[in-house]
2 protein chains.
Amino acid sequence: MASIKDVAAAAGVSVATVSRVLNAHPSVSADARSRVLAAVAALGYRPNAVARSLRTDQTHALGLVIGDVLNPYFTELARSVEEAARALGYSVIIGNADERPDLQDHHVRTLLDRRIDGLLVSPAPGDSPLLLDAARAGTPVVFVDRWIPGAEVPVVRADGRRAVRDLVAHLHLLGHRRLAIIAGPAGTTTGSERVTAFRDALAAYGLPLTDELVGHGDFQAASGRRVTEGFLDLPEPPDAVFAADNLMALGALDAIRARGLRMPDDIALAVFDDIPWFVHTDPPITAIAQPTGDLGRAAVRALVDRIEGRTAESVTLDARLVVRRSCGAPAPVLIPPTSPMRRSTPVQRSTP
Amino acid sequence: MASIKDVAAAAGVSVATVSRVLNAHPSVSADARSRVLAAVAALGYRPNAVARSLRTDQTHALGLVIGDVLNPYFTELARSVEEAARALGYSVIIGNADERPDLQDHHVRTLLDRRIDGLLVSPAPGDSPLLLDAARAGTPVVFVDRWIPGAEVPVVRADGRRAVRDLVAHLHLLGHRRLAIIAGPAGTTTGSERVTAFRDALAAYGLPLTDELVGHGDFQAASGRRVTEGFLDLPEPPDAVFAADNLMALGALDAIRARGLRMPDDIALAVFDDIPWFVHTDPPITAIAQPTGDLGRAAVRALVDRIEGRTAESVTLDARLVVRRSCGAPAPVLIPPTSPMRRSTPVQRSTP
DNA sequence: CTGAAAGCGCTTACAG
DNA sequence: CTGAAAGCGCTTACAG
């Protein structure tokens, strides 16, 4: 592969001059510039980004560590992140933690070794000293979706509490009284927050959320199935199940189908995270939709702000309930989104 | 961040010795080794992969350019690719072409600039001189799923012809005679091959595939909807529609649902690429399943063979029909997988 | 406007 | 076994 030396030789100038035209430095004569450009074209020269990064100490790459690539929520997030990053001149390297802290650390380490300019993370369950150390040591880090309390790191996320209240109101109106939740790992914020939101919303109706009605999953499909089977084996199974993410809902559907039960007559189901297929399931599934694209864009903006030396702010967007038929609504109805709530707090007080 | 110099100073040795213990070079005294290790631990030193890459001319990174991250088929592929690559000591950088040749080229260029050790590509429609030039110039390249004829590049893919024949037999048995296909872009092999396979299979039953029954999509959802609406507007709409990928099937479902039609009574639907949600749609959808994980693993094996100087072979695996109820089967039936066919051809004659 | 030179953080023959 | 030195491909003060 041609190097800058080859270009310099072909153009009859020094490598410094080649570098200058490549980097649009003003002080280059028109003549030199055109000879360099001609040589570049003739040789099909492309600057070696590795060498450039070593010299400039920037890679123009962002790391994105997500919980699970098989989760459509995260792929939609990844897509918007890449798009926003590209618009700002950065590329993104995705690491799939597969919901495993060890795999997450593997990716964080690899990304750090490769000297990415900044890190976007949706932390897997468990604590990650590695990640926190990196942030403390000065690597620009931003949390998306999930976050680790106490870290001096901006957080970009959706607050689902209002939507969960709307969901519980919907379930209550339809006569469901015995409500269960398939929770995510307690070691993640989304794992615990969604349970808390659900419990609080139930309390407003005087409904308790007993331990037997809180199943502990890991955000992946198999756990949703296992937990749902446990619910169905209860002496008194729940009327309605709320899955804290779409993959656990997939597992729940498997379990419900395997028992020959029918939704919503035998059991109702609602899900955190809306995906395109929920319109076409049997029955269509009531879900809480996050503004995923907006989250990705806001997260990139915050991270690039940090990278480029500006202050970054935490961002909290609103989620909303999308009513379909899986809980017993008579017909597909869309609760219109309320005026989008949007709170921003400076990073110093970034614990939302 | 601590550099190798800092470690050397802390350990009281030269940077050469530090480098040797880091790279497990045999000729280092036990004493030096332990002092270096202690210094590494004390400083939390991590070698700079950028500098190492510049020096060794290898990044231990693989590029993977896929058609669309929002397509569950590609994310499953990406997952198995990353897993297999990790087991061999490589990390993978995913580029999402979003089915656009220009975006594909952007990612190929970026990956090449970053000097990835090899490239796994499922080419977007249209020809990519950039990609072909890179392969010709010696960058290890392997095609997965889709490929470009005439290139001296190994191809790892599934052959769906037998499964398509099984599908047509299934449709014919159920009485469907007017069959349509939502094709992918003609500029991709999977776009054209699936139409050919379908046409050939129909011909065996004396059924023609007229132009009005071949809709041209782009493998994304919106096109599936548009094409399906066209089919439904025909004076004589088809009895059954075969979508060449799962996202176009999603669009087809949208169109069918919007007209208030019912599957399979009003119209049958079958899809290339099986995904977990197809068990739970209304009705469950008959699909052709690829051995996606195997494809990803075989592709990595082939690419790493090339990178490490061994010869790589093209691999063709078999796809299989999974019958559900969307075409009118009375009950869920699984056609047992036949003995897995597996053909391998040396790369020299890699045009499968 | 231009070039020689230093240096980014590593690895690796070479000499001892 | 160990270290001094060269060099990977760039960028960027510095001097002219």
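Analyst: A residue counts as buried when its relative accessible area is under 20%, and as exposed when that area is over 50%. The structure discussed here is a predicted model.

User: Why is B:Asn96 called buried?

Analyst: The relative accessible area of B:Asn96 is 8%. The limit for a buried residue is under 20%, so B:Asn96 qualifies.

User: Where is B:Asn96 found, and which residues does B:Asn96 touch?

Analyst: B:Asn96 belongs to strand S2 (residues 91-96) of chain B. Leaving aside residues up to four places away in sequence, B:Asn96 touches A:Arg79 of the other chain, together with B:Ile66, B:Gly67, B:Asp68, B:Val69, B:Leu103 and B:His107.

User: What makes the pair B:Asp98 and A:Arg79 a salt bridge?

Analyst: The closest N and O atoms of B:Asp98 and A:Arg79 are 2.5 Å apart. A salt bridge requires a side-chain nitrogen of Lys or Arg within 4 Å of a carboxyl oxygen of Asp or Glu, and therefore this pair meets the rule. Across the interface of chain A and chain B, the rule finds four salt bridges.

User: How many residue pairs are in polar contact between chain A and chain B, and which element gives the most to the side of chain A that touches chain B?

Analyst: There are 20 residue pairs in polar contact between the two chains, both residues being at pLDDT 80 or more. On the side of chain A that touches chain B, the elements giving two or more residues include helix H5 (72-87), strand S2 (91-96) and helix H6 (101-113) of chain A. H6(A) gives the most, with six residues. By type, the residues of this side divide into 20 nonpolar, 13 polar and 13 charged.

User: What area is buried between chain A and chain B?

Analyst: The area is about 4400 Å², and carbon and sulfur atoms give 61% of it. A:Arg114, A:Trp277 and A:His280 supply 19% of the area that chain A buries against chain B, more than any other three residues. The contact takes 46 residues from chain A and 46 residues from chain B.

User: Why does A:Asp57 count as exposed, and why is B:Asp145 called buried?

Analyst: A:Asp57 has 68% relative accessibility, and the limit for exposed is over 50%, so A:Asp57 counts as exposed. B:Asp145 has a relative accessible area of 5%, which falls under 20%, and B:Asp145 is therefore buried.

User: What is the phi of A:Asp57 and of B:Asp145?

Analyst: Phi is near 65° for A:Asp57 and about 70° for B:Asp145. Most residues other than glycine have a negative phi. A:Asp57 lies in the loop between H4 and strand S1 (61-66) of chain A, while B:Asp145 is in the loop between strand S4 (141-144) and strand S5 (155-159) of chain B.

User: Where are the residues A:Pro283 and B:Pro264, and which peptide bond joins A:Asp282 and A:Pro283?

Analyst: A:Pro283 lies in the loop between strand S9 (268-272) and strand S10 (286-289) of chain A. The bond joining A:Asp282 and A:Pro283 is cis, with omega about -5°. B:Pro264 is in the loop between helix H11 (246-258) and strand S9 (268-272) of chain B, and a cis peptide bond with omega about -5° joins B:Met263 and B:Pro264. Most peptide bonds are trans.

Terms used: Residues numbered from 1 in each chain as written. Chains lettered and ligands numbered in written order. Heavy atoms only, no water. Contact = heavy atoms within 4.5 Å. Buried area = accessible area lost by both parts, 1.4 Å probe. Polar contact = N/O pair within 3.5 Å; in protein donor to acceptor, adjacent residues only side chain to side chain. Helix = DSSP H or I, 4+ residues; strand = E, 2+ residues; numbered from the N terminus. Nonpolar A, V, L, I, M, F, W, Y, C, P; charged D, E, K, R; others polar. Buried < 20%, exposed > 50% of the residue type's maximum accessible area, 1.4 Å probe, protein only.
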